[in-house]
Amino acid sequence: MADVVQYRLERMIPELDDLEKRGLFSKPEIREIVKKRRDFEYRLKRPHPIKEDYLRYIEYEKQLEALRKLRKKEIVRRLKENNRKWPFSLCDKTSIGRIQYIYGKLVSKYKGDLNLWFQYAEYCREQESRHTRQVLGEALSFHPNVPGLWIYAAAWEFEHNLNASAARALMLSGIRACPKSEILWIEYFRMELTFVNKLRARKIALGLDKISSLHEEEDDKTWREENSDLFMPLNGEKLDDEGTVENENNELETNADVIAIRELGYKMAYAILNKAIDAIPSSLRFRQLFVEMLDSLEVEKATILEDEICRTMLNDFSNDECCWDWLARRHLTKLQRGKQIGKEKAVAGLNKTIQVYEDALKSVPSAKMYGYYAKFLQDLIDLDKSESVDGLHFIRKFVSNIEEVMTNLLKLYERAACSGCSNEDLAEQHVSFLLKVGDVDAARKLATKFCTGEFSKVVKLWALRMSLEIKSAMMKSETMSKADLHYLFELFKKTLMGMPVSDARDLWDMNCYSLLKLVARSTVIICYLWFWIIQ
């Protein structure tokens, strides 16, 4: 073991001499570096080295390299003042190689630790090392069923190595290995659309397409400089000073070439979408993520792609209330793409949303669907909540006749009750809404109807009815009459006797404070004792 460590240290001699010769470290500092490295090397050569030994060694080397770069920067500044340049230095590349070597030993010992592979690949990417592709390839060979690793490798090829073909090949391999991964399909779809956007930027660079009206008032050259990332070369292409795209064979791309490749990109996006739906047909959220991803990209045919996705959602999830609710609200969220929204567009979007809800009730006449529709109208009425709901904060100011929306909500509750699609939540919302608009008498009658009918065992409705009875009695006079008090206690007693003990206790807790306001403390104590006895 000592011979191996000594051999490793002797191989560092040229680098250490170079560090001292360049004035980056003094002799005492060099001796301290050798001492630390010897200690780390002995730790790694133990029969059973631990992961923390490798990580501490790597962290030490990173800090040492950061200090070397800082001192080099100061030396380079002084050299520039004297019109001199920093010559090639051996120490400029040895530190990176050493850290990569330690990472390599670490991942070879702990092949199953995915986090270590990501750290290794990220370090190589930050250093713009050609070793990155090899690291990612080894990681994928050990972890082929990790979608995030395929996405990372493809993103590196696409964004840093500027090789769209290699990125596409990695995505396809990842999908073959993980065909049920939603994030993998979505990122592949995103990559193809991003590639199409880059082709569109090339068309602008070639002068074959007009720049969007958003930039018409700007200078063409200034716009290109500010958006240079859009003109990133792919697959070996180069962009000259004139903004013209030129490939490796020095052949200028023509308008027909750019259009053909762009159309091919859209066809691939359609193919990916269809294949993804075939692979994961039962996930509604999966298709919603595709649409949400389109919102984050400025794609030329985003509307067509979105309509296709929504069409498949209606075909496959026509009996799903969540699908109808999402599609209805989608008409309002789409308006957020535009920076200026007029009243006509806002009202049209609102009418489309309501029409989708009406179609949903015809297709899926269920209590859950009525609940989604009612929730939308409630959000539209409540200004404070509408500010926090996507797609409603800018629609609310265009709704001039809020009373009409309230009337529609009341009619919706009545339709749900008449069609037999009401449930205890809708019933409670109906009564609460009448109370909210100030119609206490109507709310009390409706609560009585529910409590004596199909919802006679629902504690929330009984609690609501009791509070309404108390409020109605208090509205007649400031002091409650004995007849009213007797009626309330008889109603309360009858309610408690007809319920299970657990539900009766909950109902008592809900109305105890209301009773304290009406009667003397002794009477409440007697009622409490009576309640304790019947248990």
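Mentor: Let us start with a term: a disulfide is a pair of cysteine sulfur atoms within 2.5 Å. This is a predicted model, in which local features need pLDDT of at least 70 and side-chain atom pairs count only at pLDDT 80 or more, while totals for chains, interfaces and linings use all residues. Residues are numbered from 1 along each chain as its sequence is written, and side-chain values use heavy atoms, with hydrogens and water left out.

Trainee: How many disulfides does a search of the whole structure find?

Mentor: The sulfur of cysteine 322 has its closest cysteine sulfur in cysteine 323, at 8.8 Å, which is too far for a bond. For cysteine 310 the closest cysteine sulfur is also in cysteine 323, and the 8.3 Å between them is again too far. The number of disulfides found in the whole structure is zero.

Trainee: Is cysteine 310 buried or exposed?

Mentor: The classes rest on relative accessible area, with buried under 20%, exposed over 50% and partly exposed in between, using a 1.4 Å probe and protein chains only. Cysteine 322, at 29%, counts as partly exposed. Cysteine 310 has a relative accessibility of 15%, and therefore counts as buried.

Trainee: How is H8 oriented relative to H9?

Mentor: Axes are lines fitted to C-alpha atoms, for helices over the stretch in contact, and angles run from 0 to 180 degrees between N-to-C directions. The axes of H8 (residues 147–160) and H9 (residues 164–177) come within 7 Å and cross at roughly 170°. Angles under 35 degrees count as roughly parallel, over 145 as roughly antiparallel, 65 to 115 as roughly perpendicular and the rest as oblique. H8 is therefore, relative to H9, roughly antiparallel.

Trainee: And how is H15 oriented relative to H17?

Mentor: Helix H15 (residues 321–333) packs against helix H17 (residues 367–381) with the axes 9 Å apart, at an angle of about 25°. Relative to H17, H15 is therefore roughly parallel.

Definitions and conventions
Helices (H or I, at least four residues) and strands (E, at least two) are DSSP runs, numbered from the N terminus.
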